[in-house]
Amino acid sequence: MNPVPDRVFLLDVDNTLFDNDRLQADLRRHLTDTLGPDGNQHYWQRYEDLRGRLGYADYLGAVQALRQPGRNDLLLPGISRFLLEYPFADAVFEGALEAIGNLSRWGRPVILSDGDAVYQPHKIRAAGLAAAVDERVFIYVHKQQMLSQIERAQPARHYVMVDDKLALLTAVKQAWGARVTTILVRQGHYGRDPASNARYPPPDLALEHIGALARWQPAQVAGGSP
C-alpha cells in the first residue's frame with residue numbers, strides 16, 4: 001500500500017498550467033479565415049450554448065453543432081483538425097513544468113480539471129502535462145462538487161489547490177477549511193478580473209504566474225507549513 005503523502009497538489013489546467021486564452025484566440029483567427037466573421041460568431045454561440053447546457057467547454061461538440069449538410073461539410077473537418085493538431089506544448093505557460101517538478105519535492109502533484117471527456121484529456125496529454133504528473137489526471141464536470149471522490153482517489157494529510165478561478169478556490173476552502181491551502185494564479189481572463197475577484201475572500205496565496213511555484217516552499221504560506 002502506498003503511504004499517504006503529506007500533501008497533494010491539485011493543479012488546474014486552463015489558464016493555470018496551459019494558456020487557454022491563447023488557444024481560443026488562435027481558434028478565433030482560424031474560424032474567421034475558414035468560415036468568415038459570421039461563421040466565427042456562430043461557432044462561439046454554439047460553444048456557449050453547449051457550455052451552459054453541459055457545464056463544461058466542448059470545443060469539438062461546437063464544431064459538430066455547426067454542421068449544415070450540403071453547405072459546410074467540407075470546411076468543418078479542417079476546424080476539427082486544427083483543434084486536434086494544435087501545438088499544445090507551445091501553449092504551456094513558461095515555468096509550468098518546472099513548477100510541477102518543484103512541487104514533487106513537497107508532495108504529489110495531480111492534475112484536476114473541468115472539461116469534456118475527449119478533447120480535454122487529449123489536450124492535457126499532448127501538452128506534456130499528463131506525463132509531468134505521472135498520468136495522475138482527473139477530469140470532472142464541476143470539480144468543486146467532487147471533493148469526496150478526490151479524497152478517495154488521492155488521500156492526503158493536506159491539499160494545496162492551484163487555480164485561476166477565485167470563486168472555485170473559495171468553494172473548496174469553504175468545504176475543506178484548514179485541510180486545504182488555496183493558491184490563486186493571476187493568469188487568464190478569470191485570474192486577472194479584479195471586479196469579479198473582489199466578491200470573494202482572498203486566497204491563502206496569490207501569484208502572478210505559475211512559474212513562481214518553481215521556487216515555492218511550504219513556509220511561504222501565511223501561518224506556516226500546511
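**Close-up 1. What the buried side of helix H8 packs against.** The buried residues of H8 sit against strand S1 (7-11), strand S2 (108-114), helix H7 (147-153), S4, strand S5 (180-185) and helix H10 (194-197). Contact here is heavy atoms within 4.5 Å; buried is under 20% relative accessible area, exposed over 50%, partly exposed in between, with a 1.4 Å probe and protein chains only. Helices (H or I, at least four residues) and strands (E, at least two) are DSSP runs, numbered from the N terminus. This is a predicted model: local features need pLDDT of at least 70, side-chain atom pairs count only at pLDDT 80 or more, and totals for chains, interfaces and linings use all residues. Residues are numbered from 1 along each chain as its sequence is written, and side-chain values use heavy atoms, with hydrogens and water left out.

**Close-up 2. Helix H8 and what follows.** H8 spans residues 166-176, and its buried residues are Leu166, Leu168, Leu169, Thr170, Val172 and Trp176.

**Close-up 3. Asp163 in strand S4.** Asp163 belongs to S4 (residues 158-163) and is buried, at a relative accessible area of 1%. A polar atom of its side chain lies 2.9 Å from the backbone nitrogen of Lys165. Leaving aside residues up to four places away in sequence, Asp163 touches Asp12, Thr16, Lys143, Leu168, Leu169, Ile183, Leu184 and Val185.

**Close-up 4. Helix H3.** In H3 (residues 76-84), Leu76, Gly78, Ile79 and Leu83 are buried. Down the helix axis they fall within an arc of 160 degrees, so they line one face of H3; the arc is that of the directions from the axis to the C-beta atoms. Their cover includes helix H1 (20-54), helix H2 (59-65) and helix H5 (119-126).

Key:
Polar contact = N/O pair within 3.5 Å; in protein donor to acceptor, adjacent residues only side chain to side chain.
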